[in-house]
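Please go through the structure below in questions and answers.

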2 protein chains.
Amino acid sequence: MNNRMRLLNCALDLFSARGYDAVGVQEIVDSAGLTKPTLYHYFGSKVGLLETLLSERFGELYTKLRSEADYRGDVPLTLHRVAAVYFRFAERNPTYYRMQLSMWFAPPQSESLKSVTRLNEKQQELLEHLFICAAKDHGNMKGRHKAYAATFLGMINTYIALALNGYVVLDEALTHRAVHQFMHGIFS
Amino acid sequence: MNNRMRLLNCALDLFSARGYDAVGVQEIVDSAGLTKPTLYHYFGSKVGLLETLLSERFGELYTKLRSEADYRGDVPLTLHRVAAVYFRFAERNPTYYRMQLSMWFAPPQSESLKSVTRLNEKQQELLEHLFICAAKDHGNMKGRHKAYAATFLGMINTYIALALNGYVVLDEALTHRAVHQFMHGIFS
DNA sequence: GACGTATTATACCGTTCGGTATATTCCGAC
DNA sequence: GTCGGAATATACCGAACGGTATAATACGTC
């Protein structure tokens, strides 16, 4: 493992545990056994390090999402696949998802929120597109794609947060129940 | 308005907008038109200021919750009243609730999380007690009170977060739909 | 072996951090 | 009036902050 990766991993652990603002650059390089110029050589700044971390890890999730989110007439099936991608990713990257979650709910003008806004927008767009396609088959969904996308993502993130704290398990049964519950909320 | 209150209000605005860690003591006293010794006279420390802020505002919510959360045989009715208390409180105290939300999702070892943990525990206990009582009438709810409480609170907070970002409106219809959706998730 | 580039460390920059010692002002009690 | 305590300001503390100038090292290329 090279020093660049070492820095990314150490930063992820620290940001996830205590938050971007509370962790200093010195602490990151100390825990990686390196010094500050190395960090600034690779990432340019503290926020540059954060953005690299976010985009590299998020890219993996986003690629999977795009391949699973193609709507072909069956809304619950598509949502089930999307939810499953999120849940599996969160299970395999709990530390990263914890950080992304805390930034998802971060204060509106915080430094770290600016960095995740693009990621959130990409997720939102992807889901909105899904619901727009679905609305062509289900007229009563028309015009609500923004709210649907935000609500669905909110529900996904809530279940992941519950799972990270040990309240639920992200298994197949929960995936099914979550989608079922969401669909029921729409059509009632 | 006295200086103590002025400090609390300014701190709330800043913490809510940019987060506890990102806001310095100097900035708080500057925006209140005061100096640091005044802040340390009233609150002892930065975290003391935060805890005063949290407990004073949260106490208001908690009092209302306790009076509305007494289960008398009708689960959906009780949950509806509880949800309504949350929604009304969040609507009337959007700045405060934004701060509480960001801390609810804060990294596990962050300074600010320690301060809100007690509040979260009190909410969790109150809801657990409700579901334990309800399980006496509905056998199939037995033993799941922890998960139910956490899920319900998660759902409430998710809807409030959506509302704070303009995706939904916390009206009577949403309250009803949220409770209906939650009940459907339990009994299916 | 000499050169160029990428990588890394030493040592330091000015600023801000949370917090405080000391002194002053204000104001009610007597 | 004067005394005492609460409230507030001036000025400062050492430490940590994010960031950098400079130089040394390591390494593949020729």
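Predicted model: local features only at pLDDT ≥ 70, side-chain atom pairs only at ≥ 80, totals over all residues.

Q: Which elements make up chain A, and in what numbers?
A: From the N terminus on, the elements of chain A run α-α-α-α-α-α-α-α-α. The C-alpha trace of chain A spans about 60 × 30 × 30 Å along its principal axes. The count for chain A is nine helices and zero strands.

Q: Which helix gives the largest share of the surface near DNA strand C?
A: Helix H3 (36-43) of chain A, helix H2 (25-31) of chain B and helix H3 (36-43) of chain B each supply at least two residues of this surface. Among the residues that come nearest to DNA strand C are Thr35(A), Pro37(A) and Lys46(B). The largest share is four residues, and the helix that supplies them is H3(A).

Q: How do the residues of the surface near DNA strand C divide into nonpolar, polar and charged?
A: There are 16 residues around DNA strand C. They divide into five nonpolar, seven polar and four charged.

Q: Why is H8(B) largely enclosed by the rest of the structure?
A: Helix H8 of chain B covers residues 145-164, and at 1.5 Å a residue it should span 28 Å, which agrees with its end C-alpha atoms being 28 Å apart. H8(B) is largely enclosed because, of its 20 residues, the number buried is 15.

Conventions: Residues numbered from 1 in each chain as written. Chains lettered and ligands numbered in written order. Expected span 1.5 Å × (residues − 1). Buried ≥ 20, exposed ≤ 12 C-beta atoms within 10 Å, placed from the backbone. Near = placed C-beta within 6 Å. Nonpolar A, V, L, I, M, F, W, Y, C, P; charged D, E, K, R; others polar.
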